[in-house]
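Trainee: I'd like to learn how to read charged pairs in a model. Can we go through some together?

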Amino acid sequence: MSLQQFMNEAISPWMKEEGPDSDIVMSSRIRLARNFDQIPFPIIAKEGELNEVLDFMEKNYEEKSFKNYTDFSLLKMKDLQPIEKRVLVEKHLISPHLAENQEESAALISSNEQVSVMVNEEDHIRIQLYFPGFQLNKALEQAFTFDDWLEEKVNYAFDETRGYLTSCPTNVGTGMRASVMMHLPALAITQKINRMIPAINQLGLVVRGIYGEGSEAIGNIFQISNQITLGKSEQDIVQDLQSVVNQLIEQERKERKVLVEQSELQLEDRIFRSYGTLKYSRIIESKEAAKCLSDVRLGIDVGFIEDISKTILNELMILTQPGFLQQYAKRILSPQERDVLRASLIRERFKLEK
């Protein structure tokens, strides 16, 4: 698959599928951190040692296929323009940290974009596997299978007592981060999410923004993931996360019902004001666009809006990000130019939906 194909489509093919509880859980992800045995970890490795890892991954896995994950493409960070890297970050195919690496770093991405392997990020290998909706167990099963496929040729750094060895001590053990991306507008509107986050943190989980560590929750989208990787099995970590996510789903649905029953007119007004803003604005900033898209998605989920699919909202969440806007325009845009183009693309997309 060519770089241009990754750039042109705002929404990854797997995101077009419906998953369990997809009205609240947008996606499930398993990330596995792995390192080559006998090669220093990226934080202390020399250029030649990192090139050894990169050359190995290119030779053994580029254009290869495994089960449903076909035609892997290796995208080297040094060959990409800043806008191209930003687009890959906005699609969650690479991390912001990998995008900052200029040399000896790459991403190995399947044609359906469901699997991406970051090469020489914080660790030699970081496997990411996504599923739509709430499917952590299925994602874990597939991640294990894919990991086994890589391990047929890679000798991992592993200790019988400590488990998988990683650059960051917090990842030692399973080397796993399980996470879900959740749309929680009702809990955000009622501000109950602010009281729930500290309680979630006390359970060994962490609540982050849409792009993970250090990012903010744009459009009422929150990423919930585990913090502890040592002393627990992968299954236990997933089970603990699932338990908390199930409670969040229950609370979000409860608050949506309360809003509809007790504040229906105010909620309907909020949703349709946001709908109107998206349909008719000539200038719109990214945060306002995300807030309005969140309101409209809520309107679809509670039955106030029936003539729009959630798919276009998922698409617009990504399409209206700075990197995609500039990729679309084929040039660097000023903030105001981005706001104008963002409004134009949203208006056009809503017209196409009719």
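Mentor: Let's start with Asp295, which is buried at a relative accessible area of 0%. Buried means under 20% relative accessible area, exposed over 50%, and partly exposed in between (1.4 Å probe, protein chains only). Bear in mind this is a predicted model, where local features need pLDDT of at least 70 and side-chain atom pairs count only at pLDDT 80 or more, while totals for chains, interfaces and linings use all residues. Residues are numbered from 1 along each chain as its sequence is written, and side-chain values use heavy atoms, with hydrogens and water left out.

Trainee: Which residue forms a salt bridge with Asp295?

Mentor: In general, side chains of opposite charge can pair when their charged atoms come close. The cut-off for a salt bridge is a side-chain nitrogen of Lys or Arg within 4 Å of a carboxyl oxygen of Asp or Glu. Here the partner is Lys291, with the closest N and O atoms 2.9 Å apart. Lys291 is partly exposed, at 36%.

Trainee: How many residues apart are Lys291 and Asp295 in helix H10?

Mentor: An α-helix has 3.6 residues a turn, so residues three or four places apart point the same way. Lys291 and Asp295 are four apart in H10 (residues 286–301), about one helical turn. Helices (H or I, at least four residues) are DSSP runs, numbered from the N terminus.

Trainee: Where do Glu315 and Arg349 lie?

Mentor: Their side chains meet in a salt bridge, 3.3 Å from N to O. Glu315 is in helix H11 and Arg349 in helix H13 (residues 335–353), 34 residues apart, so this pair links distant parts of the chain. Both Glu315 and Arg349 are buried.

Notes
Helices (H or I, at least four residues) and strands (E, at least two) are DSSP runs, numbered from the N terminus.
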